[in-house]
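Please have the sequence and the structure open as you read.

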Amino acid sequence: LIGGVLVIALTFVYAHISKTHCIYDTERDTSDYLSTAAMLNEEISQTFISQEDTLDGMSVKVRLTGETSGIETVYKLVDIENGKVVAEGNTEGDVFEDSKFYKFKFNTIENCRGKEYQFVIQNQGETSGNSINFCYETNIEKDTKMEIDANEQSGTLILKTVTDRFDIETFCVLLIFIIYIV
């Protein structure tokens, strides 16, 4: 009985995860991704509709050119309905890893399900041939719009929404797996 309660409690704790929702086509070959090759101070924005009740961050696939320690990436999340900036922050360029997703974290935003948001990122600082580029696909996904410096682009950023929450699917799968082993 004590073992059962302990297993359920540990499974419950383990099932609190960072749940992601991709706004891009996950079936597409990653070798088809292009890079934004954005210039300094050029804003890259992506609109999307939230599938979760809360948002805790955005995750974007990054490609690096050269040394990026002198570059700072500024980001913000805008609620399209009222035009308010609901989250913002900045990240130093040396924390990015080439061809990996980077999670831009912010405080939890509530009541997001079904709302349209715009995620805006911009590189600032010294480059001298070095850059932080963001990956995108050439397809325009449903209910999305990508812009570079207010010019609409044909494509969708390789972007995921991140929500830190309890995931019932993870809880059930792990619990069934443990019961099976026992």
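Is K103 buried, exposed or partly exposed? K103 is partly exposed, with a relative accessible area of 24%, where buried means under 20% relative accessible area, exposed over 50%, and partly exposed in between (1.4 Å probe, protein chains only).

## Basis of the model

This is a predicted model, in which local features need pLDDT of at least 70 and side-chain atom pairs count only at pLDDT 80 or more, while totals for chains, interfaces and linings use all residues. Residues are numbered from 1 along each chain as its sequence is written, and side-chain values use heavy atoms, with hydrogens and water left out.

## Salt bridges

Side chains of opposite charge can pair when their charged atoms come close. The structure holds seven salt bridges, each being a side-chain nitrogen of Lys or Arg within 4 Å of a carboxyl oxygen of Asp or Glu.

One of them joins D164 and K103, with the closest N and O atoms 3.7 Å apart. This pair links distant parts of the chain, since D164 lies in strand β13 and K103 in strand β7, 61 residues apart; strands (E, at least two residues) are DSSP runs, numbered from the N terminus. D164 is partly exposed, at 42% relative accessible area.

## A buried partner and a network

R165 and E52 also meet in a salt bridge (3.0 Å, N to O). R165 lies in strand β13 and E52 in the loop between β3 and β4, so the pair ties together parts that are 113 residues apart in sequence. R165 is partly exposed at 26% relative accessibility, whereas E52 is buried at 6%.

Salt bridges that share partners join K19, E52, R165 and D167 into one network.

Note on methods
Helices (H or I, at least four residues) and strands (E, at least two) are DSSP runs, numbered from the N terminus.
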